[in-house]
Amino acid sequence: MDEEIVDRSEGFGERLLGVLLDRARLLPPQLVAPLVAEEVARIGGRDVSILLQDYAQELLVPLPGRNLHVSQPEPVFGSPAGRAFLRAQAVEVPQARDVRIYLPLLDGSDQVGVMAVTMDALDNDDRRLLGRLAGLVADILATKNAYTDQSFHARRREPMSVSAEIQWSLLPPLTMSVPQVEVAGILEPAYRVAGDSFDYALNDNILHMAVIDAMGHGLDAAAMATIAIGAYRHARRVFISLPEKYTFMDDAISQQFGPDHFVTAQLMHINITTGELELVNAGHPAPLLIRDGRVVRQLESATTLPVGFGGEQPRVRQHMLRQGDRVLCYTDGIIEEHVAGGKPFGEERLIGCVNRQGDEPSDGVRADLRRLSHTLKKERGGRTSDDATLFMVEWRGGAADHLAVLD
């Protein structure tokens, strides 16, 4: 039998991406930008910009670097760069004699930022190569960020407190998307947050989620949040049930801080195949179930004491999601902020904002949650005096096995 002949020769595209991939391991962080600019020049591109999301999730700010084109920050909402970022799709802007293309930088499904390139013209080969180059650049930036402060400096638009520094270092990626489920989270105020945090992990078919709010402000709250999230992650990697996770977290907080300190928490499991949701709510406002863009009800659960009070093992409440359902978790900083007249913002106004947004076309969970966060902040008169967290999950169901099969 004649053996099938496979062409293993190196084509132009492989050489282009291969140089970056081969050098990435040893490349110092400050040399990523010059190499990327040189790679883009090989296909006729120029004026390369790398734009990173600021901590408040309002601007895309240019990363400085040799051979990079550094311009003014661009707004997340209302700019071509912002559209590419929010929709995770390339955006092309024709100019007088050329075209500017904005490519999302995605580390997995997490949004690192946007790469902008100017080309005399674009064909499908250019689009394919630039898209794959942007994916590789995102992976390299994410890897290099583990041992450089370069991108952190670029993303900061104002001084950051020590407690906020701790909280941001705790967070998982702000967004995660697979065919069956998508999640996104936001912390406010970005540069002064202390006790709020969230965490998640997708293990086989179970999405594990936690949203917490440690009492107090400043370093004390940040320390409690750090231990609570650490205990949650340890329990998630050892135990199975939600009650065991709660008990483990409760023991960690009570033993470390004593009976006068506590952390409110929401713990969830979602089976991404069936849509079955398990919930333990320890002192948080009840999550909102959003269906077809409207809040249909709160997801109630049995009363459970906050973490640290030594409460009884909690009872788990089960809910069934429909395909396309969204669950919105939030901390009390969202609804207890005082607005004009001295009244708290309240849950009713939160639901009204969610429903009004549901009347508009959706751009996906990550974009919709950012828009909701900005709307709520505007409704509160720009005030966020307490920590405030929004965390949203959309369940789609289905399967992803086809992604592991080569065409």
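Just after helix α11, Gly-381 takes a positive phi of about 75°. Keep in mind that this is a predicted model.

**Helix α11**
- α11 covers residues 365–379, so to speak a run of 15 residues, and it reaches 21 Å from its first C-alpha to its last, close to the 21 Å expected at 1.5 Å a residue.

**How α10 and α11 meet**
- The axes of α10 (residues 347–358) and α11 come within 10 Å and cross at roughly 135°.
- That angle makes the two helices oblique to each other, and α10 passes α11 in a right-handed crossing.
- On the α10 side, the contact is made by Arg-349, Leu-350, Cys-353, Val-354, Arg-356 and Gln-357.
- α11 answers with Asp-368, Arg-371, Leu-372, Thr-375, Leu-376 and Glu-379.

**The nonpolar cores**
- The largest nonpolar core has 35 residues, and Ile-50, Leu-105, Met-115, Val-117, Val-137 and Leu-141 touch the most other members.
- Helices α1, α2 and α4 and strands β1, β5 and β6 each supply at least two residues of this core, with the largest share, nine residues, coming from α4.
- Leaving aside residues up to four places away in sequence, Leu-141 touches Val-32, Ile-50, Leu-63, Leu-105 and Val-112.
- Another core, of 31 residues, lies apart from that one, and its members include Tyr-55, Met-176, Ala-190 and Cys-329.

How values were computed:
Residues are numbered from 1 along each chain as its sequence is written. This is a predicted model: local features need pLDDT of at least 70, side-chain atom pairs count only at pLDDT 80 or more; totals for chains, interfaces and linings use all residues. Side-chain values use heavy atoms; hydrogens and water are left out. Helices (H or I, at least four residues) and strands (E, at least two) are DSSP runs, numbered from the N terminus. The expected span of a helix is 1.5 Å times one less than its number of residues. A nonpolar core is a set of buried Ala, Val, Leu, Ile, Met, Phe, Trp, Tyr and Cys residues joined through side-chain atoms within 4.5 Å. Buried means under 20% relative accessible area, exposed over 50%, partly exposed in between (1.4 Å probe, protein chains only). Contact means heavy atoms within 4.5 Å. Axes are lines fitted to C-alpha atoms, for helices over the stretch in contact, and angles run from 0 to 180 degrees between N-to-C directions. Angles under 35 degrees count as roughly parallel, over 145 as roughly antiparallel, 65 to 115 as roughly perpendicular and the rest as oblique. A crossing is left-handed if the near helix is turned anticlockwise from the far one by less than a right angle, and right-handed if clockwise.
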